[in-house]
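Please look over the sequence and the model before reading on.

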Amino acid sequence: MKKFFTLAVSLLVLSATAQNTVKNLDKSLVFYLTNDTVSTQMGIYEDPDTGEEVEGLVPRPWNGASCVSAFNACGIGLQSGTDDFGLNITINNKYTDPENGFTIPAGVYRGVTLNRARLDMSGPLNDGSTFRAFTNVKSMILYFIPVPTTWVNGGISIQDFPTGRIEAQYLNQTDTLGELSNLAYREVHISMTADPLEDENRSIRGVDLVGFQRDPDDPTKISVNQPFKWTVNLQNKKDASEYEAIWADPETKQGEFVNYVCSPDETEAAIDYYFGRLDECRGYYDNEKIQSTATGYSCYDHKWCTKTPWTAETPIALKVKYRMYLVGVAVMSATDGAGVQYMNSSDGAKASWSDSAVAYGTHGEEGIETITADAVATPAIYNLNGQQLRTATGLCISGGKLIYVK
């Protein structure tokens with residue numbers, strides 16, 4: 001027979017057994033997921049003159065897996081993928097979120113690409129324990145850059161970003177932290193504009209969102225006025241009936257919620273999730289097997305699962321799944337007036353919490369008034385013999401200012 005504990009006692013037990021841990025959010029947490037565009041490492045590349053493979057400096061990958069050590073150093077488990085499409089993002093204007101102080105100055109950045117991968121905030125920690133969830137959580141926020149379909153024959157191939165979602169699940173308060181509610185999610189999408197030159201060799205589409213532009217000669221170079229802020233409320237405030245209007249399939253209720261599509265006039269959006277009892281969820285109308293549903297609706301029983309009340313002590317597991325290009329993530333405390341702590345993933349194993357921080361990258365002025373077609377930093381790279389592999393063009397730092405180098 002399982003024993004049930006208060007959360008305080010449970011956390012002591014979890015610490016003692018070094019098995020599962022949770023983090024209580026007495027402060028909100030902001031995770032910066034950016035890096036610069038110039039970091040290099042030793043590697044093998046093809047000499048453009050001879051076609052031979054030679055050893056020299058090549059761009060250092062930046063991806064979700066690159067952030068694991070930083071999260072771990074700050075006591076948060078993380079599991080993620082290794083996608084890196086080499087995207088360079090110019091932020092035209094300094095952006096600060098007044099809700100939590102997330103700040104990304106005008107400049108040039110690399111963010112984290114999630115393609116067929118998750119940014120799963122769980123996993124092993126340095127002390128041998130496994131991080132599982134957060135308590136006292138109000139909401140989760142994604143700061144993303146829209147990257148529409150980009151396909152060039154023999155080169156890059158990117159489906160529309162975002163077509164992803166935040167996944168959240170209530171866990172029980174026992175030492176096992178088992179699943180309590182459905183795994184709730186709803187995808188966020190963008191509406192893309194057509195590529196006027198699209199043919200069998202290319203599809204380089206656009207989007208009317210946050211001032212999106214891209215270099216017509218190099219679609220990996222993108223500029224936006226600011227990131228898009230997408231908030232998911234996790235306190236289960238709405239009754240199930242309030243979700244009826246946005247159900248994808250009102251006849252049979254076999255589908256998910258209608259996806260959230262960002263409107264061109266929006267720079268931010270917020271939605272709510274419904275959490276119901278997992279032991280009542282049945283995902284198929286013709287199968288009584290217990291299975292989590294994104295909505296908390298039991299398709300077999302044709303009714304909503306009993307609402308699972310949110311409390312400050314409820315552990316919530318959080319993930320971001322698939323096709324998102326992220327420059328930041330925030331997990332917000334439910335405590336009124338709570339402070340904020342910041343972490344830069346670019347610091348790796350040396351990362352630590354601080355009371356103030358900005359996104360790491362190549363910073364410029366307060367605002368970049370004009371972005372030319374190729375105005376994204378591509379500084380020169382040299383091999384071990386001093387041979388220049390790539391000339392310096394685009395936005396670069398000189399004397400502490402962002403300048404354009406022809």
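The text below goes from the whole chain to its strands, its cores and some single residues.

**Basis**

The model is predicted: local features need pLDDT of at least 70, side-chain atom pairs count only at pLDDT 80 or more, and totals for chains, interfaces and linings use all residues. Residues are numbered from 1 along each chain as its sequence is written, and side-chain values use heavy atoms, with hydrogens and water left out.

**The whole chain**

The chain has 38 strands and 2 helices. Of the 406 residues, 51% count as buried; buried means under 20% relative accessible area, exposed over 50%, and partly exposed in between, with a 1.4 Å probe and protein chains only. The accessible surface of the chain comes to about 18,100 Å², and 47% of that surface belongs to carbon and sulfur atoms. These areas come from the Shrake-Rupley method with a 1.4 Å probe, and for residues only the protein chains shown count as cover. Among contacts between residues at least 6 apart in sequence, 70% join residues at least 24 apart. A contact means heavy atoms within 4.5 Å.

**Strands**

An open sheet of 5 strands has the order β22-β23-β6-β9-β34, with mixed pairing. Its edges are β22 (213-215) and β34 (362-363); each has a single partner strand, so one side of each is left without a neighbour in the sheet. Two strands pair if DSSP finds at least two bridges between them. Within this sheet, β6 (residues 88-91) and β9 (residues 107-109) run antiparallel and are joined by 3 bridges. T90 has V108 in β9 as its bridge partner.

Another pairing involves β2 (residues 28-32) and β33, which are parallel over 5 bridges. Here L29 is partnered by Q341 in β33. Strand β33 (residues 340-344) is largely enclosed by the rest of the structure, because 5 of its 5 residues are buried. V340, Y342 and N344 lie on one side of β33 and Q341 and M343 on the other, and both faces are covered. In a regular strand the side chains alternate between the two faces of the sheet.

**Nonpolar cores**

A nonpolar core is a set of buried Ala, Val, Leu, Ile, Met, Phe, Trp, Tyr and Cys residues joined through side-chain atoms within 4.5 Å. The largest one holds 77 residues, of which F31, F134, W230, L234, Y273 and L326 touch the most other members. Strand β32 (residues 324-333) gives this core its largest share, 8 residues. Beyond four places in sequence, the contacts of L326 include L33, V112, L142, F144 and V320. Apart from this core lies another, of 8 residues, among them A240, Y243, W247 and Y274.

I166 is found in strand β17 and counts as buried at 0% relative accessibility. Its contacts beyond four places in sequence include W230, Y273 and K319. S181 lies in the loop between β17 (163-170) and β18 (187-189), and S181 is buried too, with a relative accessible area of 0%. Not counting residues up to four places away, S181 touches Q169, Y170, F275, G276, L278 and T308. The table gives one C-alpha pair for each of these residues.

| Pair | Separation along the chain | C-alpha distance |
|---|---|---|
| I166 and L318 | 152 residues | 7.2 Å |
| S181 and G276 | 95 residues | 5.3 Å |

**A buried lysine**

K321 is found in strand β31 (residues 316-321).

**Backbone details**

Most residues other than glycine have a negative phi, and most peptide bonds are trans. The peptide bond from F161 to P162 is cis, with omega near 5°. V210 has a positive phi, near 45°, and is buried with a relative accessible area of 7%. R323 has a positive phi of about 35° and lies in the loop between β31 and β32.

Notes. Helix = DSSP H or I, 4+ residues; strand = E, 2+ residues; numbered from the N terminus.
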